[in-house]
Each structure stands twice: as structure tokens, then as C-alpha cells.
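Colleague: I would like to go through this model and learn how to read its helices and charged contacts. Please take me through some cases.

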Amino acid sequence: MPEYKAPLRDIRFLMDEVLDMPTHYQGINAYAETATPDMVEAIIQEGAKFCENELSPLNAIGDQEGCTWSEEGVTTPKGFKEAYQKFVENGWPSLAHEPERGGQGLPESLGIVISEMVGTANWSWGMYPGLSHGAMNTLEMHGTEEQKDTYLTKLISGEWTGTMCLTEAHCGSDLGTLRTKAEPNSDGSYNITGTKIFISAGEHDMADNIVHIVLARLPDAPQGTKGISLFIVPKFLPNTDGSVGERNAVQCGSIEHKMGIHGNSTAVMNFDAAKGFLIGEPNKGLHHMFTFMNTARIGTALQGVAASELAFQGALAYAKDRLAMRALSGAKCPDKAADPIIVHPDVRRMLFTMKTFAEGGRALVYLTAKYADIVKKGNTDEDKKEADEMLAFLTPIAKAFLTETGYEAANHGVQVFGGHGFIAEWGMEQIVRDTRIATIYEGTTGIQALDLLGRKVLMSQGESLKRFTKIVHKFCKFHSDNEEMQPFVEPLAALNKEWGEHTMKIGMAAMKDRDEVGAAAYDYLMYSGYIVLAYLFAEQVQVSQAKLAEGASDSDFYKAKIKTAEFYYDRILPRVKGHAEAMLSGGSNLLSLDEEHFRF
């Protein structure tokens, strides 16, 4: 398994120079005094140390040992529990939560940086505290004061962890068909009965209690998604003093045997008239749950970045060390038996691809996190509304595009190692297995694509797209006279214009046949993702060129940024042409073959 080193220079570059987070934090009243440059730097530094020294060494162990189920509960791999105790002692769970209940009141975007490092160092371990963030955000927004006092405080401290219990055996993303029941009790609580599957971190030995956020139906609930309510169902019922009380009627029936993320317990959870407590309004559970889902989707997008970064780090070190053949242009290391494989163009192609997906993906996730800060703590309702609309547009792109490219990068990592990549001891195949789920959970790529094209773009009459393309248009126009920027600005401006035109064509086709939306959705999302990353790389080039003009001391870093962007524009961005042709080709090539004529 690659030894993870936090990419601190790239993190600082994005935060300080590209996204200008110091100004951003100072511009939000809630963060102006807490998120100072010195505080942010100290947190990132300490987070990097914890991830490199505590979590990274446990990554392979978690994969090899996995979790162990028994009737008494689930035991996590060696070292996981101890690492979590250190994580809690150092205050990491409370970083971006409300001070009134023990949080540190720091920005969501800073928490995302820590989550990225945690996830890259050890994705399976990071899922335990990661699921808690969504539970915390849901309770912060929709819970009662009593629920916040009872559950939120413990979740923020990290003493308890949280889960999201949605999926049932007969329904995955189609939550309208779920069957879990909620029967009201005379004391205001509910008896929750049903079985949930694929529950990440559903049962473990790392915390004193597990707070399940559960979707269920009330007896008189309407059919479909309009009849779903949201409940708190703790593993142990809290005592009045906040301590852990009697065991609730919720049990882990088994844990899944999975392709990857072995260190995380993905559980089957049985609720047998377990006592639960309603969150928010009856039959509004799906609406309330999307607070959780949006948090989870940005977190899942991080897994794509994590896979790209870790695969790149492992492949780069190996490519510098592994000797095989001579460079086609002549020996580069004549004193050795062969040249290191990094001299070969095809190895460079794979390394550059991983690098662009890691660095471009990081920029996209940090941009969404910047908007999330404003949604949560913006100074005005107007600021919050504008940020929320932009975040809603970018979230499906970030989740789906970055997990697809993260999986591609992970496979490139194996390929660079050749046959050794297929062998478990090197750890590269683990990255492929661990990240494969990311394109599936929190809504598959196809579902995210439908959300983007159908709900976010077409249902808004293209307004959500226009908000973003206007930003890109202003950027291109501002730099139109900058000769150095022309290799980036000209193709970006053309694609930005084309994006709107192609969207209109799909919209016109969809007015005649709604299946045209589903037929175009995947390619539309990938097409959109490549353009978004092109814009973010152009921004990085502009900053790098300015720093070089100023005579920056670390000129090699900025030159590498420009070369990386050149590779992206020359070798990756042309993929948009294929996606454009596919999404405009219509749905008949998908739907004209009768079902009975498909063969297996």
C-alpha cells in the first residue's frame, strides 16, 4: 500500500491562491475571528500528521483483516478503535460544528480538507466519523432542541457515531417503495420495524453508542416518496443524564462480504419495534434527509479525489524506481541496466491523467465546500440562496464525475505497476476495490446524471447552468487580451458557449419524448464535468502565470501546474467531443431494440 503523504503544497495553493479562502473566511461574520490564517494552517498541519502517522499504516491492515461479526456485535480491524480514540481526544469530530453544543465553529470547507486527508490515508476508517457528519448536519437543521441536547452534543464530541439507514433489500435508490414501519406510542415516540441493508458503519466497537437516522412510514402515510418520515433510532437509549442506557431493539443481523472497503462494517440492521423519535415534520423525511444526502454526496466526491491522489502517489514512486527498457530517444540512465519507466511516454500519460484528476478534482470539491460555507453561515439570506443554487448544480457533477474519474485513476495506478499492480502486497489493487463502490452509493452515476440534467438544468429552464456559465464567460472575457492565457481561454470559451447550445437541443428533444433526458444524461454529466475541470485548471494557470511573473521562489511548482493544465487541455478535454456526439445522438439507439431481443 502506498505510504500516504498529504499534498500540502497543492492544498495551500488552492485554498490561499486560487479560491482565496482567507478573504472568504474574513467575509463571513461567523468565521472572521475563528478561521484565521494561523489557525487554518495549524489545523491542516496537525491533520496531515495524524493521517500520515496514525491512519495510513492501518489501511492495508483494515483490508486484510476486515471486520468480524458475532452476536455480541462487530469488531473492527486492529488499531481502528485506538486511532478513533485519538481522533476524538484531539477534537477532530467537532471541527465544523456549533460551539453551543461543543463544536469549534470552524468552516465546513476546512472540515472537507481534513476529510480528504483522512479518506486518502484510510477510506474504510474515515467512513466511521464521516457518516456522523451527515447525521450531525441533519439534526442541526431539523432536530428539536431536546434532540440536539441529547444526540447532537454526543455526536459532535465523537463519543457517539451516526449512520444513514435508507436502503432495503427490495429498493435501492427508489425510496418510494420502502416498507419500514413507524407505529406511534403514547409517549410521543415510535416503534420502528423493518430491515435496512448496506448500512455503512452500522455496527462497530469504536464508540459508546450509534445513532441511526432511519427512513420509515407512518401508518396513515401517503404512498410513494410523499409518505416517508425520518427518525432517530439509537443503539442504546440515552438516560436523562446523557449517559448510555438500555439496549434498543435494533440488532446487526450480519455484515456484507464486499469487494472492497473491508475495514468498514457494512451492516444489515434489523429494527424490531425499536424506539425511535421523529425528526422534523411527518411525511417530510425525504426532504429532511437531503440535508444528509448532500453532505454525503460531497463526501463521496472526495473518495474520487482520494483514489486519484493515492493511486498517483503510489504509481509515481514506483515509476521513478522501476527499471524496464530504454527510452526510445536513447538511454537516460546509461549507468543502470535499464531506464526507470517514468521516461516512457505511455507511463507519463497515465501519471498525468491521475495527477489531473487528483488536482482538478480537489479544486472542484473545495469549490463546492466554499459554497457550503455560505449556505451554512452566509451573512444574508440572499447570499445563502445564491450559494445554495450553485451548490445544487455542482453537487451531482462532483459526486458522479469525480468518482468515475477516481476509479479510472485507480486502474491506471495498477497499470503503471504492470503485473505487480495485480498483486495485493503492493496495495494498488486495494485502491481499485475500495473506490469501486463510490460510483454507486449516495446515488449511482446514472441517478446523479438525471438529477443534473433533468432536475437541476431542464426543470430550471437552464437557469442553474447559466449561473455557472456566466462565471466562466466573465473569466474568459477578462483574460481575452492575455496572450499567455489564450491556449486555455479560447477553447474554454467555445465549450462554454457550446454547453448552452447543446443543452437547448436536448431540452427541445425532451419536450417531445421524456426518454431523451435519460438517454442523454450520463454523457451530459461527463461532458459537464470535463468543462468544469477545464475552467478550474484555467484559473490555476492564471494564478501560476502571475506568480511566475512576480518571480516566485518555488517556480517549479507553478511551472508544473501549467504543464499539468496543458496536458489536461490537450489529452483529456478532447473527450468532450465524444460525449457531445453521444448525448445528441438521441434515444432511439438505446430504446429501439425490443427487450426480448436482448441476449445474455
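Colleague: Which residues are linked in a network of salt bridges?

Modeller: This is a predicted model. A salt bridge is counted when a side-chain nitrogen of Lys or Arg lies within 4 Å of a carboxyl oxygen of Asp or Glu. The network links Asp10, Glu116, Glu309, Lys355, Glu359, Arg362 and Lys561. By that rule the model has 34 salt bridges.

Colleague: Where do Lys355 and Glu359 lie, and are they buried or exposed?

Modeller: Both sit in helix α10 (residues 345-377), four residues apart, or about one turn of the helix. Lys355 and Glu359 are both buried. Their side chains form a salt bridge with an N to O distance of 3.0 Å.

Colleague: What separates Glu566 and Lys563?

Modeller: About one helical turn, because they are three residues apart in helix α17 (residues 555-572). Glu566 is partly exposed, at 30% relative accessible area.

Colleague: Which residues of α3 are buried, and what do they pack against?

Modeller: Among them are Val40, Ile43, Ile44, Phe50 and Leu55; Glu52 is also buried. The buried residues of α3 pack against α1 (8-18), α2 (21-26), α4 (59-65), α5 (80-89), α6 (108-121) and α7 (123-142).

Definitions and conventions:
Residues numbered from 1 in each chain as written. Predicted model: local features only at pLDDT ≥ 70, side-chain atom pairs only at ≥ 80, totals over all residues. Heavy atoms only, no water. Buried < 20%, exposed > 50% of the residue type's maximum accessible area, 1.4 Å probe, protein only. Helix = DSSP H or I, 4+ residues; strand = E, 2+ residues; numbered from the N terminus. Contact = heavy atoms within 4.5 Å.
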